[in-house]
Amino acid sequence: MHRWHTEIFAPRGRTSCLTGRLTGRPAGSAFVARIGETGSMEPRPTSDDPSASGSYGGVPASGSYSGVPSLGQVLGVGGTEAVEVVRAPRGMDVPVRGVGVFDAGETLEAAGQVLVAVGVDTSSEEAPRVLRDAARAGAAALVMRRGSAGVSERLLAQAEEGGTALLVRAAWIEWGELIGLLRAALSQGGARPETAATAADVALGDLPGLAVALAALVGGAITIEDPDSNVLAYSPTADTADPLRRLTILGRRVPQWRVAELAESGFLRTLWATPDVVHRPADDRFPERLAIAVRAGDEILGSLWAAADGEPLPAGARDALRAAAETAVPHLLHHRLRSRSAASRRKQAVRALLEGRQPDVADSAAALEVDPRVPCAVLTVAAAPPVPAPDALDRALHLASLRAAAHHSPAFAHRDGDRLDVLLTDPATGAAHRLGGELATVLRSSGVRPLVAIGPVGAGLGEAAASRAGAALVLRVLRERGASARPSGVRTTGSAPEVAAAEDVRYALDALRVVDAVAALSPSATDAVRELLAYEAEHGTDLPRTVAVHLAFFGDAAATARHLGVHPNTLRYRLRRVRELFGLDLEDPDVRLLTELGLRRAGLIPPG
């Protein structure tokens, strides 16, 4: 049994278009289509020839679907880059009435729905069965992720047999984002205001052309802005344009003082809260303005601003701007998708290179617009102990990523937990150290003690993962060695290095590699050290640190006691307890060697 959760509603003021939603309820009237659970799923009668009965699974197979967007319209508005059409047996004119999530558990009516099969890939054994069940429920299309083995022949055959379109999600987009995109596109896919016929002829995504067409429609100068008041496009303006419009166009965004003014007056709050046109009266500085938010369902895509351009706005400007906002929806959806697509692809590309996915090197290089043969190095940025508060670390690493992006040689940042990896391409001699110093300065100015580890330079982007692994080892040295690593020519805070490459700490790196190799070959000592550390975690006796300092001072009891700030008798008692509890006789040179290696691996030697 399977279930599809689907909510369908008609947005307020427009009943010609049905919009699918997954959660929440719309501002307009709504009805929820839910079919209760059944004990089993009985196949619905179907025909090999959908046109014979004029329908397939409850959805008309062809003809005109007045007011209901087709699959082609929905994907054309925003999904052509987010999903790949693998098979569409009934073509792209199939009507779409909602978006649903495929989920095992119960059977729900899914006629005309685009179903999203989260967790199912095209190579899996269950994929043909899921597609078959979706077809029996009348789904217009089913979206899966692409499997490692591609699309199986069984799945393609099932698509042809069942008639439901098979779509594959692009790797760069998350399921939640895809669902929101389809939902927003669906709300506009079948709607075109009759009063905006000229603007509707503008090619999808041509925002400058759209601004010109909307200016002719409204009768004033038009500015198209995103939700952050950045200018996306504007219509040509007359010489009599007011200074504010000129400043906005030249700066490609509304001046910050103006944004603050609109926010303080409550104008922006009203703009984003109401579906209607908002009027800003003329004052002694600027002429009147009309503004309206551009929405797709609950999504705010941006805003349209109309200003008088040499003559007052005409009487019908309000109604025209309402129609213009409807017309702008698919264009702004397309713009947002393209912007997010490029950013998401770059992010995926950097991650693939850092993780060493060799088959993806050429594609990743193309996404980054970098020659895959250029040398590269990875810098890993982290905070030195004590670890700062999460908010402070987030801010510091974010600023470091911005600094990396501004580097004259292409550099790409990737956040990985509590550290930031920076892929530096085509580094000149000394460039990695210079960038490392700049990143350390950014962290330090944010109140965070920095550590920057530099991996070896690789001959091409295919060696980025190896450079990252080298940087990870250097970072371990910087964290564990602390004051004992003093590379020449490297800036330090006190005695601890901030920035270092492998050649700066080569002896410490060699020791680290030895420690890692020996750990698997010396189970007796390794187990004893592990028990010592576990005992410390439970009882807080300071025994591991006592042993570490004792070994670091080559068994000199007086120097060890002074460093620990304890009486020599206390030191002797502690060492006796270590021998009694864990069998570590530090008079034995073999035990001393293996214990020191174990404590080095735990970061306790050399002592801070």
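What follows is a conversation about a predicted model of a protein chain.

Q: How many helices and strands does the protein chain have?
A: This is a predicted model, and in it the protein chain has 21 helices and 23 strands.

Q: And what share of the residues counts as buried?
A: Of the 608 residues in the protein chain, 48% count as buried. The chain exposes about 28000 Å², with carbon and sulfur atoms supplying 52% of that area.

Q: What about contacts, how much comes from residues 24 or more positions apart?
A: Among the contacts in the protein chain with a separation of 6 or more, 66% are between residues 24 or more positions apart.

Q: Which residues touch the most other members in the largest nonpolar core?
A: That core has 58 residues, and Ile 222, Ile 224, Leu 304 and Leu 321 are the ones that touch the most other members. Helix 11, which covers residues 317–354, gives the most to this core, with 10 residues.

Q: Which strand pairs with strand 12, and in what sense?
A: Strand 12 (residues 221–225) pairs with strand 16 in the antiparallel sense, over 5 bridges. Within that pairing, Ile 224 stands opposite Leu 304 of strand 16.

Q: How many bridges join strand 15 to strand 16?
A: Strand 15 (residues 289–296) and strand 16 run antiparallel and are joined by 8 bridges, and Ala 296 has Glu 299 of strand 16 as its bridge partner. The two strands form a hairpin with 2 residues between them, and Gly 297 in the turn has a positive phi of about 65°.

Q: Changing topic, which residues of helix 7 are buried?
A: In helix 7, the buried residues are Leu 207, Leu 210, Ala 211, Ala 213, Leu 214, Ala 215 and Val 218.

Q: What sits at the ends of helix 7?
A: Asp 206 caps the N-terminal end, where one of its side-chain oxygens lies 3.0 Å from the backbone nitrogen of Gly 209. Helix 7 is followed by Gly 219, which has a positive phi, near 90°.

Q: Now helix 14, how far apart are its end C-alpha atoms?
A: They are 21 Å apart, which agrees with the 21 Å that the 15 residues of helix 14 (residues 431–445) should span at 1.5 Å a residue.

Q: And what covers the buried residues of helix 14?
A: The cover includes strand 17 (376–383), helix 13 (390–405), strand 19 (419–425), strand 20 (450–454) and strand 23 (499–501). Among the buried residues themselves are Leu 435, Leu 439, Ala 440 and Leu 443.

Q: Is Thr 441 buried or partly exposed?
A: Thr 441, which is found in helix 14, counts as partly exposed because its relative accessibility is 41%. Thr 441 and Ala 400 are 41 residues apart in sequence, while their C-alpha atoms are 9.0 Å apart in space.

Conventions: Residues are numbered from 1 along each chain as its sequence is written. This is a predicted model: local features need pLDDT of at least 70, side-chain atom pairs count only at pLDDT 80 or more; totals for chains, interfaces and linings use all residues. Side-chain values use heavy atoms; hydrogens and water are left out. A nonpolar core is a set of buried Ala, Val, Leu, Ile, Met, Phe, Trp, Tyr and Cys residues joined through side-chain atoms within 4.5 Å. Buried means under 20% relative accessible area, exposed over 50%, partly exposed in between (1.4 Å probe, protein chains only). Helices (H or I, at least four residues) and strands (E, at least two) are DSSP runs, numbered from the N terminus. Contact means heavy atoms within 4.5 Å. Accessible areas come from the Shrake-Rupley method with a 1.4 Å probe; for residues, only the protein chains shown count as cover. Two strands pair if DSSP finds at least two bridges between them. A polar contact is a pair of N or O atoms within 3.5 Å; within protein, one must be able to donate a hydrogen and the other to accept it, and residues adjacent in sequence count only if both atoms are side-chain atoms. The expected span of a helix is 1.5 Å times one less than its number of residues.
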